[in-house]
Amino acid sequence: MISAIEKQKLVYILNRDAAARLTISSPLEAHKANTLVYHVVGVDVGFENPMFACLEMDYEEADNDPTGEAAANTQQTLTFYELDLGLNHVVRKYSEPLEEHGNFLITVPGGSDGPSGVLICSENYITYKNFGDQPDIRCPIPRRRNDLDDPERGMIFVCSATHKTKSMFFFLAQTEQGDIFKITLETDEDMVTEIRLKYFDTVPVAAAMCVLKTGFLFVASEFGNHYLYQIAHLGDDDEEPEFSSAMPLEEGDTFFFQPRPLKNLVLVDELDSLSPILFCQIADLANEDTPQLYVACGRGPRSSLRVLRHGLEVSEMAVSELPGNPNAVWTVRRHIEDEFDAYIIVSFVNATLVLSIGETVEEVTDSGFLGTTPTLSCSLLGDDALVQVYPDGIRHIRADKRVNEWKTPGKKTIVKCAVNQRQVVIALTGGELVYFEMDPSGQLNEYTERKEMSADVVCMSLANVPPGEQRSRFLAVGLVDNTVRIISLDPSDCLQPLSMQALPAQPESLCIVEMGGTEKQDELGERGSIGFLYLNIGLQNGVLLRTVLDPVTGDLSDTRTRYLGSRPVKLFRVRMQGQEAVLAMSSRSWLSYSYQSRFHLTPLSYETLEFASGFASEQCPEGIVAISTNTLRILALEKLGAVFNQVAFPLQYTPRKFVIHPESNNLIIIETDHNAYTEATKAQRKQQMAEEMVEAAGEDERELAAEMAAAFLNENLPESIFGAPKAGNGQWASVIRVMNPIQGNTLDLVQLEQNEAAFSVAVCRFSNTGDDWYVLVGVAKDLILNPRSVAGGFVYTYKLVNNGEKLEFLHKTPVEEVPAAIAPFQGRVLIGVGKLLRVYDLGKKKLLRKCENKHIANYISGIQTIGHRVIVSDVQESFIWVRYKRNENQLIIFADDTYPRWVTTASLLDYDTVAGADKFGNICVAEVIMNYHVGETVLSLQKTTLIPGGSESLVYTTLSGGIGILVPFTSHEDHDFFQHVEMHLRSEHPPLCGRDHLSFRSYYFPVKNVIDGDLCEQFNSMEPNKQKNVSEELDRTPPEVSKKLEDIRTRYAF
């Protein structure tokens, strides 16, 4: 059953057809006019007719009664709907009014598993209801002992998870403070006799929870990161008291429990979530060339300032020093069947070191490798032999330690080589290629002819031998003359050139990999993946090329380019998620891999590396061993598919805005929470409660009460897990924090008084005070949101001292409304006080008002300035353009927007153009140049470049934690091309839920001059025949279309 908030309810029946595919029936209606629906669940009735339970409220009488009496008396009802399978329609079976207002329902297992029925979670109570003779069973929701919350406040359950096995079932329900209770039902012959609740553990408040069959609990947090816990104990045999509906209690009383750190759950993993993003600034404060995103996230005590960098997170498994600076490293297995590597081989300028991998990594001398020479390459050959290529020859080490040597002829030495499991190709000085292949007896045989290349060889690559084949068919050779040649190794035309590609610079390294494959099984049940062959070419100028290699003809086509860094690019083949991937090293290291059927090329957030190889051991099945100067490092990449890696620094309250001090790069953050206590008030309340505990005790219990009071004062549960106490409406707490964004340490913290709420902040200089920097914070006093009232406001003025590390309080200026926006302006400061726009200057005792404009409609929510112009955003009347006339000292409105927009944020694009976003999820460029519905409330907009050397784009962040960009088209032909791609994808690739794309993007204003890039990028995940149809309509080939999509993405971002 699917229900709308009002009136409509539809029931769908799901079946399976002959091929066991799911089919869905046309909907049956169960509409009821004038009804609000709060929650719907399916009732477990075994094999009877399906039944649904709904929490509803009928508002017909309340609508028709002008006195408002009926509205006050309206009751919520619990209604059961039955789907009669025989008649194929839905009947309203039964309905009963509820005493308390319920907020959600939990289905109780039925049939042979349990008593069926539902649990209704309402304010302060949980009630069990079922049909027939079953009496209602209700139990109060337990409260925390000595809670700082307002004792009159109601308590509700916010989400639940059910776990059911053949023999038993239980529910985990979470209160709005985050406490989880384990709920069980006692039954007597299908009749429920009591509800039992037991405190289980406390985790952050969730939007949904899910118990997995394997004994894990996933908590999808309402805000902030999501968590995966392992259920270590079911809490059956601990000391925790169990509360029951059968216990005698006065009406309105409840049980009390003591919250404690985790006991039954163990935190296993954490899933990063940026939601909600309240503010974001993009700047390169760490001097890394690529700018970082500084994002203010979270709510209340779980807030954080996160620094996002484009790159994959690298976990360091081990770092060890080496006796000198090595120039290469490889790993080899002893046998083809081995799961893990046996040796790490490290090559130095004049020696080779062999390390064996076990519990520890230690040097061995009996491996058969030649230690007195540098190594060019080594590999497992055949099933169990090893091969080492060094400048003077090739060493073939058999499993029984017999060694065959091949020495280079005359004065020649080996300069480059390529090896795989069955083939070795070497290039001698002068550009001569020699080819060896392994015969069935395990011997290495040289091919009779040698091949002279037209120029010196600078790099070579062989692909891995495909499963079930004798050899890899292609050899790629890079020459000094800026070309790459593909040479055949097939016995029929061995060492014949097949194709060639000219390059813009000299190649540094080559790597042939098979990527983007889907797993298939052949007739013998051998698993293998069928992918495409790609030739990756690293150039000396720091560019990486990726070219498709035709598996039949050896032709090269569809080249994609990416600039990686300032050093020549070296390439290494590694394994990621069971597929081949390429590690590319320039001044930064990058990983090119295929993940969830999409190609990713992402830098590693790690220092520069010089050489690497794949690494597999028990602790680290898909790692990388790499060298950097004189250290050997073992690394693991776990969070594949992530665009950013993030560092989070915890904050005390919800961060609202922050500014960057231009000289020290420190951040000045304002954090404000409604319904919260300041630290001072909390300490005061605790003291008061402790005193009351002692006073309430009788003579003989004084000592015990004093001990309890002392324990209560010392107890300090972390608010980030247990939540902050709710202070009630109109109670505010705020701090101003100066933070170093690189280390994340707080340099200064100013606590504001209770009920002072910081709303705006600016850092500026005044023309009459020289070079000093000042921080201005706009604060509201005693603000009540609904119905709105405010006792006034202040503008606090601080001077930044100690090189921007400390705030020195100067004075506070009283104003009559909330100062919600502050902006520096021509050596003075503009402040939006409610709906008044004012210019202030710095005075000795307070800020001095110089000029004001009273003609703004409602409430100033933001101020942007450029030259003499001021663009004011109003909370519901869009933008107003104001000009400051210095001679007359007047602020004059000269233009406004024709559309009403509830502006949340704005960003200037140039002198005449401003981009803004509203609270309904639209982004526009004013004067109606463009409109676009994002679908999530956008809270920050910034015009910036995201990659060094990239073009400017408009970056937005949303309340739900999304980060997106809008990029300008530079040519009409691009715009035309993407417009057609979008048009075809709208018709060829409709969304899962069948919603019309055009009408969604035009939800409030018709979409104008914006093309949905997310929709265009769906092209890559379409079926190949649809891709072909769409690209033929565009007179292109599918690779050309996806190359255009990739190009526009990499020109502006990642």
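**An open sheet, a hairpin and a helix pair**

Let me start with an open sheet of four strands, ordered β42-β43-β44-β45 with antiparallel pairing. Its edge strands, each pairing on one side only, are β42 (457–462) and β45 (497–502). On average, neighbouring strands here are turned by 20 degrees against each other, direction ignored.

This is a predicted model: local features need pLDDT of at least 70, side-chain atom pairs count only at pLDDT 80 or more, and totals for chains, interfaces and linings use all residues. Residues are numbered from 1 along each chain as its sequence is written, and side-chain values use heavy atoms, with hydrogens and water left out.

Strands are DSSP runs of E, at least two residues, and helices are runs of H or I, at least four, numbered from the N terminus. Two strands pair if DSSP finds at least two bridges between them. β42 and β43 (residues 474–479) have five bridges, and Met460 stands opposite Val477 in β43.

Next, β74 (residues 903–908): five of its six residues are buried, so the strand is largely enclosed by the rest of the structure. Buried means under 20% relative accessible area, with a 1.4 Å probe and protein chains only. β74 forms a hairpin with β75, with five residues between them. Thr905 has Ala917 of β75 as its bridge partner.

Last, the axes of α3 (residues 679–696) and α4 (residues 702–714) come within 8 Å and cross at roughly 165 degrees. Axes are lines fitted to C-alpha atoms, over the stretch in contact for helices, with angles from 0 to 180 degrees between N-to-C directions. The two helices, α3 and α4, are therefore roughly antiparallel, a term for angles over 145 degrees.

Terms used
Buried < 20%, exposed > 50% of the residue type's maximum accessible area, 1.4 Å probe, protein only. Parallel < 35°, antiparallel > 145°, perpendicular 65-115°, else oblique.
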